[in-house]
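This report walks through one structure, part by part. Please keep the sequence and the coordinates open while reading.

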Amino acid sequence: MNDAVRPAQQQDPPGLTAPMTPQPDHGEQSYVGHGLLEGKRALITGGDSGIGRAVAIAYAREGADVAISYLPEEQEDADETARWVREAGRTCVLVPGDIRDEQTARGVVTDAVEGLGGLDVLVNNAGYQMARRDSFADVTTDDLDRVMKTNLYALVWITQEAVPHLGEGSAIVNCSSIQAFQPSQSLVDYASTKAAINNLTVNLAAELGEKGIRVNAVAPGPIWTPLQPATQPPEKVEKFGLDTPLGRAGEPAEVAHAFVFLASPVTGSYVSGTVLGVTGGKPVF
Ligand code: NAD
Ligand code: MG
């Protein structure tokens, strides 16, 4: 058996890390920091698991204190991320709450700023999709509400709340997707939010440039995170990522480097308004 194939498996959204086979790699044993985010304070939405956890571990090892937001039912995953951040000698502020609610979303920023003593980096990483359906006709209003509120409304609310705290040299990194460029029919609503996030990234970069705030996005390809077994049919989970030029799904740890590059004033100082693909070879243009 090709070891890029994984066992068919299914969870309910939002999904947890423990039941996943194999376990994802968040860089726990491999990520080595180089002081690229020394003294920075970062809020990472959806920082409990998957890409967000890998980013939290990388940021902490690069010298940043971190706040993570997540859904209350993901507490066990959030605790595990916090353990790694604290093991790196950094502060981890935990901010549970459902960001589909405007007051909660805005409150996440308030709590993060209070817990960290300020804010330098915002990573809009929380996201939701539902792919267990056959056609456009099957998109329900509940799906649409959950996808749009999580991926777009919350991103706008959280960014609006964060910007007044960000100063010269700060950065916003949004999480886009290969779906913005090569949309799957089963993800029609989700893909459209990711295209909107690309557009919003360019627009915000133009507005915030004069304040010395850079705005970019990372567009991951298929990455092995709880989102996949929680929202894809089991037979798609088995073949997840096999259709990329590199022939496999990526690990969260492999995406974290891009979030570091874009957030760091050392590596990203003249990079703004761009979307960086980490896709296993699928095109992002
Ligand atoms: P994940 O499930 O580990 O992370 C998504 C997180 O979003 C959850 O952990 C949860 O904490 C948060 N979230 C979702 N709904 C929320 C809500 N209503 N309130 C508060 N928090 C909420 O999965 P992931 O794959 O690491 O996802 C991170 C980002 O990466 C998402 O934006 C996703 O769209 C994007 N992405 C993932 C892939 C992939 O293949 N895994 C590919 C491209 C883009
Ligand atoms: Mg999670």
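## Strands E5 and E6

Cysteine 175 stands opposite valine 218 in E6. Strand E5 (residues 171-175) pairs with E6 in the parallel sense, over five bridges. Pairing here requires at least two DSSP bridges between two strands. Helices (H or I, at least four residues) and strands (E, at least two) are DSSP runs, numbered from the N terminus.

Is strand E6 (residues 214-220) largely enclosed or open? It is largely enclosed by the rest of the structure, because seven of its seven residues are buried. Buried means under 20% relative accessible area, exposed over 50%, and partly exposed in between, with a 1.4 Å probe and protein chains only. In a regular strand, side chains alternate between the two faces of the sheet. In E6 both faces are covered. Arg214, Asn216, Val218 and Pro220 are buried on one side, and Val215, Ala217 and Ala219 on the other.

## Basis of the model

The model is predicted: local features need pLDDT of at least 70, side-chain atom pairs count only at pLDDT 80 or more, and totals for chains, interfaces and linings use all residues. Residues are numbered from 1 along each chain as its sequence is written, chains are lettered from A and ligands numbered from 1 in the order in which they are written, and side-chain values use heavy atoms, with hydrogens and water left out.

## The sheet

Seven strands form an open sheet with parallel pairing. Their order is E3-E2-E1-E4-E5-E6-E7. Strand E3 (92-96) and strand E7 (275-278) are the edges, and each pairs on one side only. Neighbouring strands are turned by 15° against each other on average, direction ignored. The axes are lines fitted to C-alpha atoms, for helices over the stretch in contact, and angles run from 0 to 180 degrees between N-to-C directions.

E1 and strand E4 (residues 121-124) pair in the parallel sense over three bridges. Leucine 43 stands opposite leucine 122 in E4.

## Magnesium site

Which residues coordinate the magnesium ion (ligand 2)? They are Asp48 (OD), Ser49 (OG) and Glu74 (OE), at 2.1 to 2.2 Å. The donors follow the spacing D-S-x24-E along the chain. Aspartate 48 and glutamate 74 link distant parts of the chain, 26 residues apart. Aspartate 48 sits in the loop between strand E1 (41-45) and helix H1 (50-61). Glutamate 74 sits in the loop between strand E2 (65-70) and helix H2 (75-87). Aspartate 48 and glutamate 74 are both buried.

Donors are N, O and S atoms within 2.8 Å of the metal (3.2 Å for Na, K and Ca). Water is not among the atoms, so sites may look incomplete.

## Largest pocket

The largest pocket holds about 1100 Å³ of space. It is lined by 50 residues, and the closest to its centre are Gln129, Tyr190, Thr225, Leu227 and Gln228. Elements that give two or more residues to this lining include H1, E2, helix H4 (141-162) and helix H5 (188-208). H1 gives the largest share, three residues. By class, the lining has 17 nonpolar, 22 polar and eleven charged residues. Ala, Val, Leu, Ile, Met, Phe, Trp, Tyr, Cys and Pro count as nonpolar, Asp, Glu, Lys and Arg as charged, and the others, Gly among them, as polar.

The search uses a 1 Å grid over the protein atoms alone. A pocket is an open set of points with protein on both sides within 12 Å along at least five of seven lines. In a cavity, a 1.4 Å probe fits but cannot get out. Lining residues have an atom within 4 Å of a point. Points are joined across faces, edges and corners, and a volume is the space filled by probe spheres set on them.

## Cavity

How many cavities of 30 Å³ or more does a search of the whole structure find? It finds one. The largest cavity holds about 30 Å³ of space. Its lining residues include Thr45, Asn124, Thr150 and Ile158. H4 gives the most to this lining, with five residues. The lining divides into five nonpolar, five polar and no charged residues.

Arginine 106 lies in helix H3 (residues 102-116). It counts as partly exposed, at 21% relative accessibility. Its C-alpha atom is separated by 8.3 Å from that of glutamine 160, 54 residues apart along the chain.

Glycine 117 lies in the loop between H3 and E4. It is exposed, with a relative accessible area of 56%. Glycine 117 and arginine 41 are 8.1 Å apart, C-alpha to C-alpha, and 76 residues apart in sequence.

## Cis peptide bonds

The peptide bond from proline 13 to proline 14 is cis, with omega near 5°. Another cis peptide bond joins threonine 21 and proline 22, with omega about -5°.
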